[in-house]
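Please keep the sequence and the 3D view at hand while reading.

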Amino acid sequence: MASISSESIDCRYFEDLKSMLEWSGSDRLQQSRSPLRRRHRFANSLTESKFMIAHDYCGGYKHLEDRNAQGYFPHPTGYAFWVRGFSLADTYLYFSHSRVAIPPISWTNACHKSGVKCLGTLICEWEESVPDARLLLTKNESGVGYLYADALTNLAVYFRFDGYLINMETVMDDAKQATELLDFVAYFKYAMHRALGPETQVIWYDSLTTYNQLDYQNCLNKTTYPWILASDGLFTNYSWTFDQTAESARQAGPMLKRSLWTGVDVWGRNVTYDHKWNIGKTLRKLAPIGTSVVMFAPVWDYEELGEANFEKNDHELWFTRRDPDSNEDVSISRAIRPLPAPVLDTPDLQLFYTSFSTGHGSSFFVNGKSEYDKVWVHRSIQTALPSYMTSSSFYAQQYLQKLYAAGVMTVAPDSYKYSWTISYDYGFYGGSCMKFTFDPYNRSPYHDILFSNSRPAVFESTEVLSTSPTHKSNSIAIQNRLLRRPSSMQQIAVDGVFIAPLFLIDFCLEAREMFSIDVTFLKVHKGDVRVRLSGNWIVEYERPDDSLNDYGGVFESQSVVSPCFDELPTDPAKNVFDALSFDADISGSVLGTWVRKSVSFQIEEPPQSVVAACTVRSRRKLVPRFRINHIDMSCSKNFTGTLYLGALSLYNSRRSKEQEATATPSVMQAEVITPSIPAPVRVTSVSLVDNPDKPKSKTIAWANDDNAAEWLVYIDGVFVGVATNSGWLVSVKKHDKSDSDEDKEAEGAPVIHELITKTTAVADDDDAASSDSSGSSVFVALVRIDVVGLGGSIVKGVELPLEFECTP
């Protein structure tokens, strides 16, 4: 019997510099295709601190976590570490004890889709690394730079990640060499910025000094000051005191202290500050000091508290943790301000999209239907999660109080109950969605039913059953009956609007410009629910820009604006004007069915106050922009119950009306603006090609498509996985009929799909299968590759036969 197995594609990393230099660059399937989404910062971003998350999970490159670039379909347990707090972070550091740690493609993709920069690591530690540390000072052919700085830069360009941490926990031959490392770091920074743009980072870890001593300073002083100047930032060791860090911030000054990264160890090794469950206390105390922060090893709750309890513990650590003595909010999110949601920003379009995927699940859903009913893990398809993951969020409460004071929300924020959580019961694309539950009366006797984490047992029936309303049934019929309790008429008679903030976002539009919001949802209860977009007019300076794009290419010259805004009214009055809002009604009448609604809006002319402010001053031109800065859920009092949000996108084309009239409709136009029309992207041909890294394996290959986010792979009509590049590595193996699945999986990569309907019959039939003298056989399997577009639409490819050779 033959089987087609997904071949494991081990992540690329190097244990020494020599092997890195000899690397030929053949790991195409590990190249990230996901560009770094834009997330503009706030009005005071020049001085506001940044937040970095450092991985450090058991040395990195863990099997069944992130080592296989094609993900795990199936995964043995379904448990895997993932980052819940990307909405708070600027940067993610994949830390490993390998000499050169290249972030696995799964982490680079997940970070970029959430607007987070992803860094690798260059580390020299202990005595055996001294020869490699010396090699770093090897000059390149030009004699003005360094050979290994160029090689490291080429790695970042090829695999498309965003920088490095340099961790030199060893000594050089003498102080002269240690001082020359400053030149290496400065050149390395220059090479990275030249190749990948100014957003890349080369950060120095507080360890080796210019006196050639391994001496952790834990602060910025005369010993570490040269390193922060040569690099993009200094990452201090963890054993600091608050007085020491405050003095470091004072020495750095208001501009440089953003480049001073204070290391905070969640495990609390050799530290005096609060850690583990109380790490949020430490972050709050650091906030007034103003340095940037690296939170090292947040995987603590996954390692120490257990994989099975990770979802619950991690949500508490990031968003809901309270001090058991004082009841004070000590979660991480209380100390870190959320950043805007990620926006794909190109000269032709602006797009925000999320499917609320966490990169794993107990089923894999495609267009709301389960295509794969086993647990799986694939970090690459994690998408942006809400900026506000709980109603008790400090910044969410600030925002709601502002809306209440302005009369936008007519009921006080603390007078009703609502919650939203990640649900793995359903999904539109991927393994999860967002589950919203609202109780505007705040005294529902059926709170345990409405806020249950269990999935409704019945979706189709709307018949009122005879079961007693006190029976804890999860059926929709029972929940609908609960809504008709005697007190409901009086409550509904009181007009009220409730708002749940989801995303802080930065979506910039011109006057008279069209944009669309696309919402995919599944309702369990009737009632009025809307997606609300809010924003305001701002005035910004226009300037020409020929900056590099994410991967080193130069975009066409275009007008861009200052990358700063603030959702709270802290900007100067002359630059912020009256807020506007747009509502997309997703109430509908269909229950138990995924519904997709697309609503288009046009930005009106700016008010006179904005026009008056846009007078030409000096050599710069002031221009009006409308900036959408929040995406909310808005409910009326006639909605009490549950709604599942499967996907959300916000889109606009940057083409002028003249360009639109003459141009062929773009992929994104067909996909997002008119979702009923299939996007013109599809795979029409596939082939089998050799893989240089896996001689006994083959790659199913197809044409690349820049408008594809990823591809769904089917063999003989059965879903086998998600490809993030235009190729899927497979191997064909012959097994005895008596072999169990466990025996087959023990050989290496998990068996993805047994071709029991066609392949097995052909391979076992001497008349149907062709064989050569060695005993190998050739059989045919039908392969289909579906395209997942950048805006979430899924277009079926053509199903084509491929001949696979099975060697005994």
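## A histidine in a loop

In this predicted model, His 378 lies in the loop that runs between strand S18 (376-377) and helix H12 (394-405). Its relative accessibility is 1%, and because residues under 20% are classed as buried, His 378 counts as buried.

Leaving aside residues up to four places away in sequence, His 378 touches Ala 69, Gln 70, Gly 71, Phe 73, Gly 359, Val 722 and Thr 724.

Helix H2 (residues 105-113) is mostly covered, with nine of its nine residues buried. The buried residues are Ile 105, Ser 106, Trp 107, Thr 108, Asn 109, Ala 110, Cys 111, His 112 and Lys 113, and they pack against strand S5 (91-93), strand S7 (117-125) and strand S33 (708-715). After H2 comes Gly 115, which has a positive phi, near 75 degrees.

Helix H10 (residues 310-320) is also described as mostly covered, since eight of its eleven residues are buried. Those buried in H10 are Phe 310, Asn 313, Asp 314, His 315, Glu 316, Leu 317, Trp 318 and Phe 319.

## A helix pair

Helix H4 (residues 147-159) and helix H5 (residues 175-196) have axes that come within 9 Å of each other and cross at roughly 30 degrees, which means that H4 is roughly parallel to H5. The crossing in which H4 passes H5 is right-handed.

On the H4 side, the contact is made by Tyr 148, Ala 149, Asp 150, Leu 152, Thr 153, Ala 156 and Val 157. On the H5 side, the contributing residues are Phe 184, Tyr 187, Phe 188, Ala 191, Met 192, Arg 194, Ala 195 and Leu 196. Sorted by class, the contact of H4 with H5 has twelve nonpolar residues, one polar residue and two charged residues.

## Strands and their partners

Strand S22 (residues 497-509) has twelve of its 13 residues buried, so S22 is largely enclosed by the rest of the structure. S22 is joined to strand S29 (residues 621-636) by ten bridges, and the two strands run antiparallel; within this pairing, Phe 503 stands opposite Ile 631 of S29.

Elsewhere, three strands form an open sheet in the order S17-S16-S20, with antiparallel pairing. Strand S17 (369-372) and strand S20 (429-430) stand at the edges with a single partner strand each, so one side of each has no neighbour in the sheet. Strand S16 (residues 364-366) pairs with S20 in the antiparallel sense over two bridges, and Phe 365 stands opposite Gly 430 in S20.

## The protein as a whole

Taken together, the secondary structure of the protein comes to 20 helices and 40 strands. Of its 808 residues, 60% count as buried. Among the contacts in the protein with a sequence separation of 6 or more, 76% are accounted for by residues 24 or more positions apart.

How values were computed. Residues numbered from 1 in each chain as written. Predicted model: local features only at pLDDT ≥ 70, side-chain atom pairs only at ≥ 80, totals over all residues. Heavy atoms only, no water. Axes fitted to C-alpha atoms, helices over the stretch in contact; angles between N-to-C directions. Helix = DSSP H or I, 4+ residues; strand = E, 2+ residues; numbered from the N terminus. Parallel < 35°, antiparallel > 145°, perpendicular 65-115°, else oblique. Left-handed = near helix turned anticlockwise from the far one by under 90°. Contact = heavy atoms within 4.5 Å. Nonpolar A, V, L, I, M, F, W, Y, C, P; charged D, E, K, R; others polar. Buried < 20%, exposed > 50% of the residue type's maximum accessible area, 1.4 Å probe, protein only. Pairing = 2+ DSSP bridges.
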